[in-house]
Amino acid sequence: MLEKKFDFNKLYARIVRYYLDKKHYTKEAANQIAQKVVQKELRQRTCGNAKCGHLLHDHLRNYESCLVNRCSCERFSRA
């Protein structure tokens, strides 16, 4: 089963809009928070294997193998 591709730009925009509209943060503060959240999500969705480093949607979940050619990753590992 393939993982659905994650749209980091959409998440970034939603976080910024939330902190601007609901919390009344400054634009700079909202952008800093959004950057931290997106970086954390990116780290969580990246394979922890040092040789691989591909995102979760580049792996087959059921077979635990990487879809990228010339990648020796046999199993997705969380960082």
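Colleague: Which pattern does the protein chain follow when read along the sequence, and how do helix 1 and helix 2 meet?

Modeller: Read along the sequence, the protein chain runs α-α-β-β, with two helices and two strands, where helices (H or I, at least four residues) and strands (E, at least two) are DSSP runs numbered from the N terminus. This is a predicted model, in which local features need pLDDT of at least 70 and side-chain atom pairs count only at pLDDT 80 or more, while totals for chains, interfaces and linings use all residues. Residues are numbered from 1 along each chain as its sequence is written, and side-chain values use heavy atoms, with hydrogens and water left out.

Helix 1 covers residues 8-21 and helix 2 covers residues 27-44, and their axes (lines fitted to C-alpha atoms over the stretch in contact) come within 9 Å and cross at roughly 145°, an angle taken between N-to-C directions on a scale from 0 to 180 degrees. The crossing of helix 1 and helix 2 is right-handed, a word used if the near helix is turned clockwise from the far one by less than a right angle.

Where the two helices are in contact (heavy atoms within 4.5 Å), helix 1 brings residues including Phe8, Leu11, Tyr12, Ile15 and Val16, and helix 2 brings residues including Ala30, Ile33, Ala34, Val37 and Leu42. By class, this contact has 13 nonpolar, two polar and two charged residues, with Ala, Val, Leu, Ile, Met, Phe, Trp, Tyr, Cys and Pro counted as nonpolar, Asp, Glu, Lys and Arg as charged, and the others, Gly among them, as polar.

Ala34 is buried, with a relative accessible area of 0%, where buried means under 20%, exposed over 50% and partly exposed in between, for a 1.4 Å probe and protein chains only. Leaving aside its neighbours within four places in sequence, Ala34 is in contact with Tyr12, Ile15 and Val16, and its C-alpha atom is separated by 8.0 Å from that of Ala13, 21 residues away along the chain. In the protein chain as a whole, buried residues make up 22% of the 79 residues.

In the loop between helix 1 and helix 2 lies His24, which is exposed, with a relative accessible area of 65%. Phi of His24 is near 60°, a positive value in a residue other than glycine. Most residues other than glycine have a negative phi.
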